[in-house]
Amino acid sequence: MIEVSHCDLAYVQGASQVKVYDDFSLKVEQGESLVLIGPSGCGKSTLLYLLAGLLRPTGGELRILGERVMGTRLKTAFILQEYGLFPWLTVEQNVSLGLRVRHMPKRLYQGAVQEILHKMGLWEVKHHFPSQLSGGQRQRVALARVLTLQPDLLLMDEPLSALDALTRERLQILLLDIWQEQKLTTVLVTHSIEEAVFLGSRILVLADGRPTHVIGEILNPLVGQSGYRQTSEFFQNTSYVRSLLEGGMVG
Ligand SMILES: Nc1ncnc2c1ncn2[C@@H]1O[C@H](COP(=O)(O)OP(=O)(O)OP(=O)(O)O)[C@@H](O)[C@H]1O
């Protein structure tokens, strides 16, 4: 699905350069739920921007479904922490926005929008404006909006970090349902070890340092199984990720 091959990426800062990636390679299979975790500044968002086609690598190449990424693509959805909703549009209008800007006639998208509003628990608030919603509801609107476009790749940059603990857990379950139902390839950045292990079928632990490097990779085949959060495997995996992060921060 995704092939990152020997990519370099440096930010220019005045006269100097911040080399974030140097000869970095990564493969993500179709239907994987890859989670990126690592200390602040290690390059997680940069990798998402590269995958989204918002940044171009200075060397190497990225391919999605075999096609070289030269810019943004319609089937890649990107969800940010700040929701990105338009305050002057209602929930329903925000959700259908992507379809409307593609000039799809209302009769063709109305059913799909209604279905997703129900599925995401937004039906009762469909005429509300974003300012009238809780953080969890706003993030569900943002998710609903990108899902109406039937993406094949969902990129998420700390999408749940602004939410209270219980809302966050509910949305984690929702994300897991979406991933399992739609077999959607997802790449999620988080700072939460528990969230990484709860949502990632594979977890990539990145370390700070220039350039960024992978210090651990955990396959997590039990992800999505009911009651996983209460199992000893979940506890072992969170402990392992924590130890990698602690080790990676030494020095
Ligand atoms: N536009 C930019 N210009 C210069 N340097 C940048 C720019 N964007 C990011 N950087 C630097 O690149 C490095 C990687 O940043 P990035 O935002 O990808 O890290 P991150 O792991 O996502 O951090 P966080 O967890 O804090 O969001 C950091 O050192 C950051 O300061």
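Predicted model: local features only at pLDDT ≥ 70, side-chain atom pairs only at ≥ 80, totals over all residues.
Q: OK, which residues are around the ligand?
A: Around the ligand are Tyr11, Gln13, Val18, Val20, Gly38, Ser40, Gly41, Cys42, Gly43, Lys44, Ser45 and Thr46, where a residue counts as near a molecule if its C-beta atom, placed from the backbone, lies within 6 Å of it. Two or more residues of this shell come from each of strand S1 (2-13), strand S2 (16-28) and helix H1 (44-52); helices (H or I, at least four residues) and strands (E, at least two) are DSSP runs, numbered from the N terminus.

Q: Which element gives the most to it?
A: H1 does, with 3 residues.

Q: And how does the shell divide by residue type?
A: The shell divides into 4 nonpolar, 7 polar and 1 charged residues, with Ala, Val, Leu, Ile, Met, Phe, Trp, Tyr, Cys and Pro counted as nonpolar, Asp, Glu, Lys and Arg as charged, and the others, Gly among them, as polar.

Q: How do S1 and S2 pair?
A: S1 and S2 run antiparallel and are joined by 9 bridges, and two strands are said to pair if DSSP finds at least two bridges between them. Ile2 stands opposite Val28 in S2. The two strands form a hairpin with 2 residues between them, and Gly14 in the turn has a positive phi of about 60°.

Q: Which sheet is that part of?
A: It is an open sheet of 4 strands in the order S2-S1-S4-S5, with antiparallel pairing. Its edge strands are S2 and strand S5 (67-68), each of which pairs on one side only.

Q: Where does H1 lie?
A: H1 lies across S1, S2 and strand S4 (59-64), and runs at about 120° to S1; axes here are lines fitted to C-alpha atoms, for helices over the stretch in contact, and angles run from 0 to 180 degrees between N-to-C directions.

Q: Why is Glu61 called partly exposed?
A: Because Glu61 has 14 other C-beta atoms within 10 Å; a residue is buried if 20 or more other C-beta atoms, placed from the backbone, lie within 10 Å of its own, exposed if 12 or fewer, and partly exposed in between.

Q: What about the other sheet, what is its strand order?
A: This open sheet has 6 strands in the order S6-S7-S8-S3-S9-S10, with mixed pairing. Strand S6 (76-80) and S10 are its edge strands, each pairing on one side only, and the twist averages 15° from one strand to the next.

Q: Is S8 buried or exposed in there?
A: Strand S8 (residues 185-189) has 5 of its 5 residues buried, so it is largely enclosed by the rest of the structure. Thr185, Val187 and Val189 lie on one side, with Thr186 and Leu188 on the other, and all are buried.

Q: Which strands pair with S8?
A: Strand S3 (residues 33-37) is joined to S8 by 4 bridges and runs parallel to it, with Val35 opposite Leu188. Strand S7 (residues 153-157) also pairs with S8 in the parallel sense, over 5 bridges, and there Leu155 stands opposite Val187.

Q: Last one, where is Gly216 and what is it in contact with?
A: Gly216 is in strand S10 (residues 213-219), and, leaving aside its neighbours within four places in sequence, Gly216 is in contact with Val205 and Leu244.

Conventions
Residues numbered from 1 in each chain as written. Contact = placed C-beta atoms within 7 Å.
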